[in-house]
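Have a look at the picture before reading on.

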Amino acid sequence: MANHRAARSALVLCGWAALAGCDRLRIGDDPGALPTVDQVLAHYTEHPSLVEARISGNLVELTFQADRRNLRRGGSLWARAGLYVQLLSPATRDLLTAWDGVAAVRAISTTDGSEIGRATLHRDELSELEWQRTLNLLGHALREGTERPSRLQELAEWGEAHTEYAYDPDYVPARN
């Protein structure tokens, strides 16, 4: 009986030791943790057009000021793609990775006080492979979008396929 009890205690001790080394379980961390607004802002330091960050429940909402020159030059294509340049960024991926409690990130694009569009990306919408594709599309759009507007179109279509979105019809006419 003593050997059985000792064996069971050793097994339990080994199990706890194995679990303690398993970083995927995040033992001791709050799995539903939410960032503060300042912590959200820290993720988006490379986004100078970010004008406001808010947390509403488990939703992070980011408001960006669109560049008027890009809107004039690119019209509705830039109104669509500009939203995803902000939302489908490494900053958003890193925010979702760092904070388990964030269920979704919403980007709102504005100009002169009026909303151009909004898109919401849910936490589990993109797999790691899809995030790699997303960041590849983003990089091509940023580097080649002026010379090849099809790169902006690809980013916008990818974003629309993976988010809940809405545009102001004054900036993006309804498509049939």
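Strand 3 and strand 4 run antiparallel and are joined by eight bridges. Strands here are DSSP runs of E with at least two residues, helices are runs of H or I with at least four, and both are numbered from the N terminus. Keep in mind that this is a predicted model: local features need pLDDT of at least 70, side-chain atom pairs count only at pLDDT 80 or more, and totals for chains, interfaces and linings use all residues. Residues are numbered from 1 along each chain as its sequence is written, and side-chain values use heavy atoms, leaving out hydrogens and water.

**Strand 3 and its partners**
- Arginine 106 stands opposite threonine 120 in strand 4.
- Phenylalanine 64 has serine 109 in strand 3 as its bridge partner.
- Seven of the eight residues of strand 3 are buried (under 20% relative accessible area), so the strand is largely enclosed by the rest of the structure.

- Aspartate 112 sits in the loop between strand 3 (104–111) and strand 4 (114–122).
- Its phi is near 50 degrees, a positive value in a residue other than glycine.
- Most residues other than glycine have a negative phi.
- Aspartate 112 is exposed (over 50%), with a relative accessible area of 56%.

**Two helices**
- Helix 3 (residues 68–87) and helix 6 (residues 149–162) pack at about 60 degrees, with axes (lines fitted to C-alpha atoms over the stretch in contact) 8 Å apart.

Definitions and conventions. Buried < 20%, exposed > 50% of the residue type's maximum accessible area, 1.4 Å probe, protein only. Axes fitted to C-alpha atoms, helices over the stretch in contact; angles between N-to-C directions. Pairing = 2+ DSSP bridges.
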